[in-house]
Structure formats: structure tokens, C-alpha cells
Amino acid sequence: MQNLTGKTAFVTGGASGIGLGIAKALLGAGMNVTIADIRQDHLDSAVAELDGGDHVLAVRLDVTDRAQFAQAADAVEAKFDNIHILVNNAGVAVVGPTELATFADWDWVMGVNVGGTINGIVTMLPRILAHGEGGHIVCTASMSALVPVGMTTIYSSGKAAVTSMMECMRPELESRGVICSAFCPGAVQSNIADAAKTRPAELADTGYAEADKRRASGGNFMHLYQTKEEVGQRVLEGILNDELYILTHAEFLTGVKERGEAMTAAVQTHLPENPEYKETFAMLFRNPAITQEIARQEKLKEGRAA
């Protein structure tokens, strides 16, 4: 989707951090922008920061609440008409040894990061397809989905699921005018460390209380992280380029390559192929969207080098 002026975007977790950075970039590109967030105080400050007048709508939304999601979509359409870009960005995190995790830790993180994404897709995708004007779905995953490391089991698992959603939906929907992208940032200056403030009381039981205290007292590394404005512009660039994978940090190159090489090395090439199986189920053995992304990224790199 290249012609963004006058079209409408819906950004969850849009009142701070990455979501606010994306909202800023889309607003700057001439879009009407709805920021949806669970925290009213963040919505109030974000509206002031965006300073977009009638081109900005703020709605309070718990992404795990499906009825709220539908109501938010109705409110956006009532103000701006059709929704063209959905950014499923709301996210939370816990980190630490897997054996310390409670059911509540799993349920909270997966409920927001995966369930919230599902709710956005089920609510918004039929509306985008129905108006027939084209659209784009961006889901905020993480480099933790592509380079998973120890102590991040719950978070990385959820972000891997979100990445796979976009990889699967892309070949289904691109021919129907809807592009899907997985946004996989590295560290960004955001409020995700404060997400526990919105954790539901019924999911308060955590195995990570002590780990959280140690991490909080471990120092401030924000100066090492990209700003919300930097990643917001990167997402805008990825939308304009129709990128499947929108990445931000070059530091992950070795990890990405090693993971791909490890998987390639594990393929059992010493075993004979079954030609009938390969022909009958040809659609299972490669994803054309991934094949096309290789060519797209190579072309973009050539353009930057020119």
C-alpha cells in the first residue's frame, strides 16, 4: 500500500512506545490515525503529543476483550469510514527461567500478545476485505521470534506465533489487495517494562516477582535502544515497500543466519525424496511470499547502495 493520504490506520498499544512512534509516522504520511490503548493516561498524553486534531481518534481498548475490539472498530468507521491499516502492536512481557512461570504468566502474555493479535485480525480483516480498497496488516513481533534465546520462552513463543501468522496470511491475502507484514524490532525505548501495571488481578500470580525486581535494579540501558520515532519511520518504510519482514537492527545478522543455517543443515538430504508426495503436496514445501521477499529485499538493498 503506497497511497496513504486520507486513509485510516488503527494502532493497538498506540499511546506509548513503539505504537506511538508508528502512529506519529502514519499521521505524518497523511493518514487518519486511531490509537487504541488500555491506559487512559497514556491516551491523553499521546493525543497531546500527536497534535493531529481531527485526524486522530483515541479509544480505550483491552485487546483481550473481543466486544471492546468490535466497538472500537465501529467507532473508527463512524468517524473516519473505512479502515485500511491495522497495526497489532499491543504487547506485554515476562522473562526469566521457564520453570518459574505460572499458568497465569503464560495466560497473561499469550492472551495479550497472541490473543490480542487474533482479536485484531478477526475483527478487522473482514472489514478491510469488504470495502475492497486494499489494506495492510502489520503485527509487532520481535527479533526474539527470529533469534530466540534462553530466559524468554513465553515471550519468544508468542512472538514466533505472530510472525507465522503474517507468513501464512501473506500468500492468502496479497492477491486480494491486503499486505501482511511481521515487524520484528530489537530493543526500543518503550514502556513494556511497565506492562505489569495493567495485568489483570485474576492473572496476578507470577513466578517472576524476584526476577523482575533484580532486572529493575540492574541499570538503565535506554541509551542503547532505538527511539520510537526511528522504529515508527521504519514501519512506515516497510508498509510503503510491501515488506514481509520489517526489521530494525543489524546486530542480529549473525543470529538470523545461524538459525537458518542450522535448519538447513538439519534437513535430511541423505534420504531419498518421494516424487509423488512432493508433487501432490507441492504447496507445503515452500511459501511463495518468502521467495518473493528475498527478491524484494535484494532490490531494496541495491537501491540503497546506488
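Biologist: Which residue forms a salt bridge with K278?

Modeller: In this predicted model, K278 pairs with E273, and the closest N and O atoms are 3.1 Å apart.

Biologist: Is E273 buried or exposed?

Modeller: E273 counts as exposed, at 57% relative accessibility. K278 is partly exposed, at 41%.

Biologist: How many salt bridges does the count come to?

Modeller: The count comes to 13. Some of them form a network, which links K24, E49, K228 and E229.

Biologist: What does E229 pair with there?

Modeller: E229 forms a salt bridge with K24, with 2.8 Å between the closest N and O atoms. E229 sits in helix 8 and K24 in helix 1, so the pair links distant parts of the chain, 205 residues apart. E229 is partly exposed, with a relative accessible area of 34%, and K24 is partly exposed too, at 25%.

Biologist: And K228, what is its partner?

Modeller: K228 forms a salt bridge with E49, the closest N and O atoms being 3.3 Å apart. This pair connects helix 8 with helix 2, across 179 residues. K228 counts as buried, at 18% relative accessibility, whereas E49 is partly exposed, at 36%.

Biologist: Change of topic. How do helix 1 and helix 2 pack?

Modeller: Helix 1 (residues 17-28) and helix 2 (residues 40-50) pack at about 30 degrees, with axes 11 Å apart. They are therefore roughly parallel to each other. The crossing is right-handed.

Biologist: Which residues make the contact?

Modeller: Helix 1 contributes L20, A23, K24 and L27, and helix 2 contributes A46, E49 and L50. By class, 5 are nonpolar, 2 are charged and none is polar.

Terms used: Residues numbered from 1 in each chain as written. Predicted model: local features only at pLDDT ≥ 70, side-chain atom pairs only at ≥ 80, totals over all residues. Heavy atoms only, no water. Axes fitted to C-alpha atoms, helices over the stretch in contact; angles between N-to-C directions. Helix = DSSP H or I, 4+ residues; strand = E, 2+ residues; numbered from the N terminus. Parallel < 35°, antiparallel > 145°, perpendicular 65-115°, else oblique. Left-handed = near helix turned anticlockwise from the far one by under 90°. Contact = heavy atoms within 4.5 Å. Nonpolar A, V, L, I, M, F, W, Y, C, P; charged D, E, K, R; others polar. Salt bridge = Lys/Arg side-chain N within 4 Å of Asp/Glu carboxyl O. Buried < 20%, exposed > 50% of the residue type's maximum accessible area, 1.4 Å probe, protein only.
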